[in-house]
Amino acid sequence: MYDTPNSERDVDQKEIKFSARKVQVYYGDTHAIKDVDVDLEDKTVTAFIGPSGCGKSTFLRCLNRMNDTIDVCRVEGDIRLDGEDIYDKRVDPVQLRAKVGMVFQKPNPFPKSIYDNVAYGPKIHGLARTKGELDEIVEKSLRRAALWDEAKDRLETPGTGLSGGQQQRLCIARAVATEPEVLLMDEPCSALDPIATSQVEELIDDLRSNFSVVIVTHSMQQAARVSQKTAFFHLGSMVEFGETGHIFTNPNDERTESYITGRIG
Amino acid sequence: MADSTAQTPPSGGFDHGSLAAGSGRLKQRRAAEFRLKMYGIIAIGVAAAALVALLGSVVTQASKAVTEHYVVSEITIDPEVIGVTAETPPDEIARAQFGDLTEAMMEAQFPRATGRTAGRELGEIISGGASFELGDRIAAEPGLIGETMTFEFLASDTTDLYLKGEFGALRDAEASGLLTVFEGDDGDLRVSSSSNDFGAALRQVKQHLYEDADSLRTKAARQENAVRVYTERAEKADSEEDRQRQLEKAESARAKQQDLIDEAAALERRAAGASGAEKVDDENISIMIKAGGGWMRLTEVNRATAKAELLTRVSLPIENSDDWTLYTSELPEADRKVTDRQIAWIETLRDQGRIKETLNTRFFTAADSRAPELAGIRGALVGSLLTMLVTFSLAFPIGVLGAIYLEEFAPKNRFTNFIEVNINNLAAVPSIVFGLLGLAVFLNVFGVPRSAPLAGGIVLALMTLPTIIIAARAAIRAVPPSIRDAALGVGASNVQASFHHVLPLAMPGILTGTIIGMAQALGETAPLIMIGMVAFIVEVPGSITDSATVLPVQVFRWSDFPERAFEARTAAAICVLLVFLVLMNLIAIILRRRFERRW
């Protein structure tokens, strides 16, 4: 895992999941995202890196329209998921979010049991018809989030009683329970200790086989470890996008280089 | 610090002085802190004292309503008097003339109670409600007609208050001589004692005369003021006619003053008279003798002799008896509701062991009544309950839905801002205004029955609504946005996120606010008076459209009644109200503690 990513070979064969063109985001009068063009591939981990306030989280939240909940936020441009414009008037953001799951910076399990946390998504989307099916989904999701062994004996205990790392994995289990196609992760490890971080990173690597994962991170090592593609954001623009190995070893833009070497950020 | 320019500080450019306390500034600061602490302690002390005084006075008052008295008596259910037989249907039996029967029973026990005044006084010993209770009892058991039974007759409020010592206690004057009583030629009783047993009473009577004279002189002194005012007006008068009139007024005030002074002087002369008998009237203390199986009252007193009149039957004459007691009552008969004769009767009953004191459960089982001994708060309690039900079922859903909409869905624009400001303003509107609104809109336009819990509940719901909305909004806002994000993140709609996650988490806060709002509504009087819930209602309301009253209004009404016995009942009703309020607040606190979440 800690070696140089060796997944560059097969990236080209993958189909495009998200394609964004000329995306602009405004918070009131502030122009937060400027002209972002990016193609995110299926079954790939894409990392967004950049200094604080550069707009990477904002852009991430555009991908499942979480920005809709902010009144002053306005999104322009074209973002397509499998060729479908997600900002089309006919698109229901709720349906979109079922397809594009999200894991947040701070672990935010519902103050309910572990089981209910995972089962909530499938329940509201009607993914399980019987209790048995629901049990299966919960187990499968917890296994995918590498939490099953720790949690299987305490499914009815509150999710808030878990440790920070476990909580974050629970949130990941909750996100994958609705069988999303894309998983957005907004600095998922920033509130975790190194051991929990490495567990989550391993998990992300596993998730790649089923999902397209987009991760926002402040840690360049993390980006290097888990991602195949990396996008560097600076001051609301996407400066550079490419193979992770390429970005970290031989960036095209000098701002990317400055950031990676620690001169800006 | 002032000389820091002169002295070079050791380092850093500023001298902090010694670490030990004692420098001027430090002392000042400490003094200021100490003062502030003291102010706080004083403030809390004042508040606590006020609370203790309030609760203390209410509870002391209310303690007089804790028990009630019964007169236990044998009574023969004479079918002739009540005019019904065992075959009469029960509801007719209940309406029969049991009042006459009760009256006859009392007159049989105290045969001297003829004549209108005495008869009325005797009737006041037992509550008017007692005969109805007897009627109910017989209606339930018609077989008792024609039988003799023992029944507990509820004592009247006056009897009850006397027994609780409200009119001052009878004091045993500890007579030591032998008593002789015989009937004189003029019909008065001649009383004499072998020692100067009436001397102390005589002194008291004279003392009382002095006190009366004093109060007359005070009154006379007040007339002085009137004289001065009229004289001044006369001096400033515009016309001769007016001047004349004012002078006349001044003259009459002066004459009145002179009368009062004369009267006082006469009383003082009477009191100062070294020898001779003194008349005892109903404005002076009462002196009573229990002897020969009955009671007498002194009408004229000297040291060892007196004139008396009979209060109850006494076997006369009495000669050199040592079996007698002399009682005095400080409160003049004219100043108390219970007459000397009634005291004699009650004391006789008490001596016979026929006065029974029991816990006053009637207070909780009876509805309102004009007679304090019959009055209870059941009607008001049920009325309050029904009103609160209506209030809750209207204010809670509307308030919570309103809060959710404003907090979660409403666009933030000028219109919603305007609504927000007005909801906050609504919370500060005087409650009587809601009463006016209820009267004008609900009663007059929509024809909601007046005096009904429905109308009261609607009005109180309007009053409580802003409290609930504000509390609910605060509670919803306190739910961390991460929970909402989490729900939205897994594809829940706004409504699902609100109702599945935000609302359950905010519920303890919302309920706390609601309970506090309801407690406010429970104690509200003014708006209910506007919509006619202040009426006198004897029936316990059965539904929300029946006429009803509520606890605080009941308190308000009772406090207005002239009967002394209502004082205790008012206080007792306040206690019940307070208990409910404390309970509600306790529930709110428990809810808050139990379900408080830390994120």
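What distance separates the centres of domain 1 of chain B and domain 4 of chain B, taken over C-alpha atoms? In this predicted model, that separation is 32 Å.

**Domains of chain B**

- Chain B is split into four parts: domain 1 spans 25-63, domain 2 spans 72-151, domain 3 spans 171-335 and domain 4 spans 372-595.
- Domain 1 of chain B and domain 4 of chain B do touch, with 4 residues of domain 1 in contact with 6 residues of domain 4.
- On the domain 1 side of that contact, 3 residues are nonpolar, 1 is polar and none is charged.

**Chain A overall**

- Chain A contains 10 helices and 10 strands.
- Chain A is as compact as a globular protein of its length, because its radius of gyration of 18 Å is close to the 18 Å that the globule rule gives for 265 residues.
- Along the principal axes, a box of roughly 55 × 45 × 35 Å holds the C-alpha atoms of chain A.
- Of the 265 residues in chain A, 47% are buried.
- Counting contacts in chain A between residues at least 6 apart in sequence, 70% join residues at least 24 apart.

**Strand 1 of chain B and its partners**

- Strand 1 of chain B (residues 67-76) pairs with strand 12 of chain B (residues 355-359) in the antiparallel sense, over 5 bridges.
- One of the residues involved is B:Thr67, whose bridge partner in strand 12 of chain B is B:Leu359.
- Strand 1 of chain B also runs antiparallel to strand 2 of chain B (residues 148-154), and 7 bridges join these two.
- Within that pairing, B:Glu74 has B:Thr150 of strand 2 of chain B as its bridge partner.

**Helix 20 of chain B**

- Helix 20 of chain B covers residues 565-595, which is 31 residues.
- From first C-alpha to last, helix 20 of chain B reaches 45 Å, close to the 45 Å expected at 1.5 Å a residue.
- The buried residues of helix 20 of chain B include B:Ala565, B:Phe566, B:Ala568, B:Arg569 and B:Thr570.
- Also buried in helix 20 of chain B are B:Ala571, B:Ala572, B:Ala573, B:Ile574 and B:Leu577.
- The cover over these buried residues includes helix 1 (24-63), helix 7 (157-163), helix 11 (362-365) and helix 19 (551-560) of chain B.

Note on methods: Residues numbered from 1 in each chain as written. Chains lettered and ligands numbered in written order. Predicted model: local features only at pLDDT ≥ 70, side-chain atom pairs only at ≥ 80, totals over all residues. Domains from an automatic or database assignment. Contact = placed C-beta atoms within 7 Å. Nonpolar A, V, L, I, M, F, W, Y, C, P; charged D, E, K, R; others polar. Helix = DSSP H or I, 4+ residues; strand = E, 2+ residues; numbered from the N terminus. Rg over C-alpha atoms; globule rule 2.2 N^0.38 Å. Buried ≥ 20, exposed ≤ 12 C-beta atoms within 10 Å, placed from the backbone. Pairing = 2+ DSSP bridges. Expected span 1.5 Å × (residues − 1).
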